[in-house]
Amino acid sequence: MPAKSRFTRLDAFTKTVEDARIRTTSGGIVTIASLLIVLYLVWGEWADYRRIVVHPELIVDKGRGERMEIHLNISFPRIPCELLTLDVMDVSGEQQTGVKHGIQKVQLAPAIQGGRPLDVRALDLHADEPATHLDPSYCGECYGPPAPASAIKPGCCQTCEEVREAYASVSWAFGKGEGVEQCQREHYSEKLEAQRDQGCRIEGGFRVNKVIGNFHIAPGRSFSNGMMHVHDLNNYLDPSQGSHTFTHIIHHLRFGPQIPDDLTKRVGGKTMGWTNHHLNPLDNTDQSTDDPAFNYMYFVKVVSTSYHPLGWKSRGPSTDQGDSSDLVSIGQHGLGQDGSLETHQYSVTSHKRSLKGGSDSQEGHKERLHAVGGIPGVFFSYDISPMKVINREERTKSLTGFLTGVCAVIGGTLTVAAAIDRAFYEGATRIKKLHQR
């Protein structure tokens, strides 16, 4: 028996004789329409296969020993830069007092003059250049406290700033530097008076441990007095220095790198696109007060958020990254070379009160009483959520799903087209027979 005859009885696609086939106009129209429909649906399957979506998932954050960056841009139109100090502390016991690295203070013109930024060269009250005109054997007096460890000349206070550091080391108030020879030589009091009506904008970023903590912007140099964190408020509360208040505008505050705009659109979808306000709800916050002894508190809940691009491969759980993360420059922490992104979202509640105490009777809450005392300023207390949001890029279909969809489109369309063509043919045949009778 010939080899081709062995499979004859297994043929599921029996053929008809060419002479037995009947071609109709309606059949041609249905064929063209079905081909167009097949092309359209196959193109839709291809577009769906190529489409990338972002799928969010919620997991327990298993990272440990991590650090995160805080970026801020806050304007204080009624207090000069010399009186503002940025401090950071957390529950691990780490403190950063008078943070300067990564932070820039921009002097602002008085509010009545528009609050425009002034020349950056006028920002520093203390000369950075050494006093070369002094006798090489000169050793400035520290006026009681020991010389700071960072002194230019060990055991001496050569500049007004070094005397201020020495005073802070023993928790002494400094004031305007009256009677301090170094400050008189540098005209510290006169420069402070020149800034009296100016404002200040603090911008930049700093790095903290990823644990519960707080950072605050308060007046005067900070120091520790026993177990208490205090500030030298002499110059801030001095009536001769003008009426300083902590009216402020939070232009921007975020934890971690900024999420790109194109990503926020993909994460939010077409119906509810995200903006960075979803991630940074304190942006463009404006608070105003005429009371110098006023305190603003923001309680922030931080949620770790990751973005993994298409094809991203896990490198295992996070381990102790404290040392390696410090080698990355400010602003680059959390940006992966593979396109991944490690950042944070946050929610916030705010509270404000006068340090003189009293109640909120003016707001209709007589029963709400405030404690007396505290430090004027703007305080941010942040807590870290144990959960983490991962936004992962994925294709909506696999290659197998795409091929299955194409087969279903072709088979389904041709089956329906054959049924429609059969209906047209049977209908036309019946009508023709009726007319022949």
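Helices (H or I, at least four residues) and strands (E, at least two) are taken here as DSSP runs, numbered from the N terminus. On that count, the chain holds eight helices and 16 strands. This is a predicted model, with local features needing pLDDT of at least 70 and side-chain atom pairs counting only at pLDDT 80 or more, while totals for chains, interfaces and linings use all residues. Residues are numbered from 1 along each chain as its sequence is written, and side-chain values use heavy atoms, leaving out hydrogens and water.

As for confidence, pLDDT (the predictor's confidence in each residue, from 0 to 100) averages 80 over the chain, and 79% of the residues reach 70 or more. Residues 121-129 sit below 50, yet this stretch has 16 contacts (heavy atoms within 4.5 Å) in the model beyond near neighbours in sequence. Where pLDDT is low, the predicted coordinates should not be read in detail.

Buried residues (under 20% relative accessible area, 1.4 Å probe, protein chains only) make up 40% of the 437 in the chain. Leaving aside residues up to four places away in sequence, Leu253 touches Phe215 and Phe380, and its other partners include Ile70, Leu72, Asn280 and Tyr346.

Helix H2, residues 160-169, is mostly covered, with eight of its 10 residues buried. Among them are Cys160, Glu161, Glu162 and Arg164. Just after H2, Ser171 takes a positive phi of about 65°.

Note on methods: Buried means under 20% relative accessible area, exposed over 50%, partly exposed in between (1.4 Å probe, protein chains only).
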